[in-house]
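Subject: Handover of a structure and its salt bridges

Dear colleague,

Please find the structure below, followed by an account of what was found in it.

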Amino acid sequence: MENGADTERQWTFLTNHARVLVQIARDPGIRVRDIATQCLLTERGVQRIITDLEQAGYLSHERRGRTNHYSVIASKQLRHPADAGPTVSELLATLLRWPADGHRSEAPAAPAPEPPSVH
């Protein structure tokens, strides 16, 4: 039996699609190059993911001069049947500490209350 990090299966909690969506939600005017850098992906991979998200109705964009400005469709429900029910807004609220209605305020969010201790 082998030991070491090379033999361990590598996995993450978020898909690349979720990572790209989060970056766009944080900055709707972000460049593909910057998304790629922040998500550790290729620009071509990010472009494919953006196309996937747009074709599935989770994202739209408009051209503003030489750049794209993206809009996340916050009311869209998550895609996988096991995730049925929650919306993109609720996912982003969890990942970005946004309000679940999808509208960001400029004021910082109040810290979350500490969970009750379990005995």
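A salt bridge is counted here when a side-chain nitrogen of Lys or Arg lies within 4 Å of a carboxyl oxygen of Asp or Glu. The model is a predicted one, in which local features need pLDDT of at least 70 and side-chain atom pairs count only at pLDDT 80 or more, while totals for chains, interfaces and linings use all residues. Residues are numbered from 1 along each chain as its sequence is written, and side-chain values use heavy atoms, with hydrogens and water left out.

Under this rule there are 3 salt bridges.

One of them joins Asp34 to Arg31, with 3.0 Å between the closest N and O atoms. Asp34 is partly exposed at 27% relative accessibility (buried means under 20% relative accessible area, exposed over 50%, and partly exposed in between, using a 1.4 Å probe and protein chains only). Arg31 is also partly exposed, at 44%.

Glu43 and Arg33 form another salt bridge, at 3.5 Å from N to O. This pair links distant parts of the chain, 10 residues apart: Glu43 belongs to helix H3 (residues 43-55) and Arg33 to helix H2 (residues 32-39). Helices are DSSP runs of H or I with at least four residues, strands are runs of E with at least two, and both are numbered from the N terminus. Glu43 is partly exposed, with a relative accessible area of 36%, and Arg33 is partly exposed at 48%.

A further salt bridge brings together Glu62 and Arg64, at 3.0 Å from N to O. Glu62 is partly exposed at 41%, as is Arg64 at 44%.

Yours sincerely
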